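Morning, everyone. I have one model to show you today. Please take a look at it before I start.

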Amino acid sequence: MIPHAPLARVALLFFGLLSLAHLVIQVLGPQAWSRPTQVLLMPALALVLVTAARRPRGRLLGLALLALGFSWLGDSAPGLATGDTAFLLMVGFFLVAQVVFVVAFWPHRAESVLRRRRLLLVPYVAYVAALVWICAPHTGGLLVPVLLYGLLLGLMAVLATGMGPWVAAGGALFLVSDSLIALNAFAPGLELPQRDLLVMSTYIAAQTLIVLGLLRRQRDAPDREPARS
């Protein structure tokens, strides 16, 4: 969904160019620019949301902005600390972002695969179960937070299926992106080619699809009431 407002289109163009620059840096360098460009990504996407949304923005888009804020803190964590502390901060901030997305999508659960086309729930459950099975033996004292994060991430992706195809695709890509991080951290010996590029490209695509999907939902059905059953 390309925004109609000129300012929103400029914001989307800026976000697209920034994303492209960051991904090129992942491959070609210089790596000194990787962190600064990553930290700017979520504020730039938040600007797209703010400039493209109708007023009042409403509950869904307000919570999406909050989730982008915690995602930005997760992106910033490696600059706030080092080593295991930075990793825990990153996981903590992204965990809160997932909680916010779950809260945002939960009222619409009757439209998701939790209630409709339940066979499509199987791949999500199998994917999360396989990820936990691979990573759990190597998590040590981080087993509980890793399990909690995996369950919340899977629930977010499942609930995203009730928000329309764009948001559903974004939720699935978020699941893939974070699973790549988990495999790198907790699956010794598994070397993925261009891991950083894969993680960031799926992450950027995920957040973009979620935001644009929610904007499209607001545009097409601004008065739609969530299912409560």
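How many helices and strands does the secondary structure come to? Eight helices and zero strands. Helices here are DSSP runs of H or I with at least four residues, strands are runs of E with at least two, and both are numbered from the N terminus.

Some ground rules. This is a predicted model, so local features need pLDDT of at least 70, side-chain atom pairs count only at pLDDT 80 or more, and totals for chains, interfaces and linings use all residues. Residues are numbered from 1 along each chain as its sequence is written, and side-chain values use heavy atoms, with hydrogens and water left out.

Overall dimensions next. The C-alpha trace spans about 50 × 40 × 25 Å along its principal axes.

Now the core. A nonpolar core is a set of buried Ala, Val, Leu, Ile, Met, Phe, Trp, Tyr and Cys residues joined through side-chain atoms within 4.5 Å. The largest one has 53 residues. Phe15, Phe105, Phe174 and Leu214 touch the most other members. Helices giving two or more residues to this core include H1 (6-28) and H8 (195-220). A second, separate core has six residues, among them Ala182 and Phe186.

What is phenylalanine 174 in contact with, leaving aside neighbours within four places in sequence? Its partners include Phe94, Phe101, Met156, Tyr203 and Ile210. Contact means heavy atoms within 4.5 Å.

On to the loops. Glycine 29 and proline 30 are joined by a cis peptide bond, omega about 0°. Proline 30 sits in the loop between H1 and H2. Arginine 55 and proline 56 are also joined by a cis peptide bond, with omega about -5°. Proline 56 is in the loop between H2 and H3.

Then arginine 117, in the loop between H4 and H5. Phi is near 50°, a positive value in a residue other than glycine. Is arginine 117 buried or exposed? Arginine 117 counts as exposed, because its relative accessibility is 52%.

Last, contacts along the chain. Among contacts with a separation of 6 or more, 74% join residues 24 or more positions apart.

That's it from me.

Technical notes:
Buried means under 20% relative accessible area, exposed over 50%, partly exposed in between (1.4 Å probe, protein chains only).
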